[in-house]
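Hello,

Have a look at it when you get a moment.

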Amino acid sequence: MSRRSGVLEFAVLGLLHDAPMHGYELRKRLNVLLGSFRAFSYGTLYPCLKNLVAQGFLVEDNPDTEYVPATALNGKRSKIVYRLSAEGKQRFEELLADSGPDAWEDEHFGVHFAFFARTDKAVRMRVLEGRRSRLEERLERMRSSIARTRERFDDYTLELQRHGLESVEREVRWLNELIETERANRTGRNGAPSGASQTSDGRGQEAGSSDPPGPPHDRPGRSAQER
């Protein structure tokens, strides 16, 4: 299974763990959970759903209903509602418990973090510490690269490299704060750090903060001094 398809499987099972839904609603929820920059097309989602049904992880409600293709005249298509089977719930629990290197990577980490409220604390800690370790390794490579290429690139290219470096440094600081919160066991309901509110995708946001939750990537409109 490819890394991207594994992320999609995890996200689908996690969303359907809350409630059954049809494909269109599921796609909207996926875009909220994973971000519009990772938007999934029907051509990606439906093969994943069919594969999960074939594996016994999902059940189709009313699967025998005749399919009505969308046309310019009727504008309709049948809606199959998907729900988790007992095997699907077990599979989701297995994915929640995974704290290995794949969970530290860019594609997987966001989905794991979105379901942290349902994740065991020890697993959360391993994922957070693993992610921090992975980013610290990335920082070292980026710093070395900038030092080696400083004389060969123009100012704009160097500025772009520094921008990427600062983004990773901010995420490391954010991870440090999360890890310290976990260690201090200052958790509120649903496992969110105390003082944080829950958003629709399960991520915490500090009370009174106007910034979106999640890794502290650049926010639009910030000046260089604020960054």
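Along the sequence, the pattern of the protein reads α-β-α-α-β-β-α-α-α-α-β-β, which comes to seven helices and five strands. Helices (H or I, at least four residues) and strands (E, at least two) are DSSP runs, numbered from the N terminus. Please keep in mind that this is a predicted model: local features need pLDDT of at least 70, side-chain atom pairs count only at pLDDT 80 or more, and totals for chains, interfaces and linings use all residues. Residues are numbered from 1 along each chain as its sequence is written, and side-chain values use heavy atoms, with hydrogens and water left out.

Among contacts (heavy atoms within 4.5 Å) with a separation of 6 or more, 59% join residues 24 or more positions apart.

Now to the sheet. Three strands form an open sheet in the order β1-β3-β2, with antiparallel pairing (at least two DSSP bridges between two strands). Its edge strands, β1 (21-22) and β2 (58-61), each pair on one side only. β2 pairs with β3 (residues 81-84) over four bridges, and E60 has Y82 in β3 as its bridge partner.

Helix α2 (residues 23-34) is worth a look too. Its buried residues are G23, L26, L30, L33 and L34. Seen down the helix axis, these fall within an arc of 80° (taken from the directions from the axis to the C-beta atoms), so they line one face of α2.

Best wishes

Note on methods. Buried < 20%, exposed > 50% of the residue type's maximum accessible area, 1.4 Å probe, protein only.
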